[in-house]
Amino acid sequence: MPLSTIYREQGYVLLEQALPAELIEEHVFRLDEVYRQHGIESYTALIDRRSDKTRFQALLRAVQELHNDEPGLQLTMHPGLREPIAEVLQGDPIRVSALSQLWGSEATPHADTSIVWRGPWQTACRAWCALEDIHPEAGPLFLYPKTHLTTGDTYRDEVLSADPKFIDVLGELGQGQLRGDEFHLRAKPLFEAARDLIAARVADLQRVSFPIRRGDVVVFSFQTIHGGEPIIDKSRRRRAMIMDWHLGSTEDFLMNAYWGETYDHRCEENRLEKDPVQVTTLGSYATPDLSVGDELYLRPVKRCESVGLATPRAGYERGAPSYPRIRL
Ligand SMILES: O=C(O)CCC(=O)C(=O)O
């Protein structure tokens, strides 16, 4: 069966032995070295480092850079990976972000739609690449098959309708000079509501987890509900590289970009304000190309006539994207 059909039906595809061992070995060597240089030798040290935002961001930045230099590009854009991704997306895909981890994430079930991509789900994917054989006790990736079909673009509207005050929260996000920390604080109720909605949605579903081999890659939709299993053995590393790919422009790949059709800022009425604000902290590894010091533009709260919108919507949009613009 064609990869694109499996992807569309299941919400994910497993690519066995897509990446060659030698390139992975070199990447892992460099990755371990960066963590060592930043004084992170254990999972506990990583968790502690998160509270020191400046140093944590410096670590993230250094890890990101590993993916954009010559050896990094050789690995991340290896034909063994990009050819099947082109098949999955049925087009000419751009690699946007890439980040590697040494340990599992223990992330609760979530979908990434609202934070990363505003195009149709068929045109973007995440590639989760095993950089070593993943032990079942090291917190493997898990997915809920077929949930991409039910999560859908309506889920953000469902989140917003969970409480009428969420519309106001969203409106507030677009007013004033909101900085990164404050944005996340204000957005917290929305993200918590999204998490609760997802938790309810998967309560009766079976998930699959991936204790897979080095070189294997799981390609999944941003709408597919996924997360990281609990790390049972904290001494175990779980090296993985996560990349986002899509068809289209990097400008479609935004943080908090799309809150459902009702709140679609792509319409003319929701053009960006002129004054930039600077990112002061990174919110999530799901947006690794966002750096401290980057300029974001506040989207004004406006009526969106073209979709008959009666309520405001707002958010951030990057001014001049500094994503690696790599077209294959
Ligand atoms: O790597 C993991 O454990 C989970 C990955 C994840 O949550 C994501 O890619 O959004």
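I sorted the shell around the ligand by class and got five nonpolar, five polar and two charged residues. The model I am working from is a predicted one.

I then listed the neighbours themselves. Twelve residues surround the ligand, and I noted Ser-105, Ala-107, Leu-141, Gly-228 and Ile-242 as the closest. Next I looked up which elements give two or more residues to this shell, and found strand S7 (226–228) and strand S8 (240–246). The biggest share comes from S7, which gives three residues.

I moved on to the protein chain. For secondary structure I recorded eleven helices and twelve strands. The protein chain has 328 residues, and I have 39% of them down as buried. I also checked how far apart in sequence the contacts reach. Taking contacts between residues at least 6 apart in sequence, I found that 84% join residues at least 24 apart.

Last, I looked up Glu-25. I placed Glu-25 in helix H2, which covers residues 21–37.

Methods:
Residues are numbered from 1 along each chain as its sequence is written. This is a predicted model: local features need pLDDT of at least 70, side-chain atom pairs count only at pLDDT 80 or more; totals for chains, interfaces and linings use all residues. Helices (H or I, at least four residues) and strands (E, at least two) are DSSP runs, numbered from the N terminus. A residue is near a molecule or strand if its C-beta atom, placed from the backbone, lies within 6 Å of it. Ala, Val, Leu, Ile, Met, Phe, Trp, Tyr, Cys and Pro count as nonpolar, Asp, Glu, Lys and Arg as charged, and the others, Gly among them, as polar. A residue is buried if 20 or more other C-beta atoms lie within 10 Å of its own, exposed if 12 or fewer, and partly exposed in between; C-beta atoms are placed from the backbone. Two residues are in contact if their C-beta atoms, placed from the backbone, lie within 7 Å.
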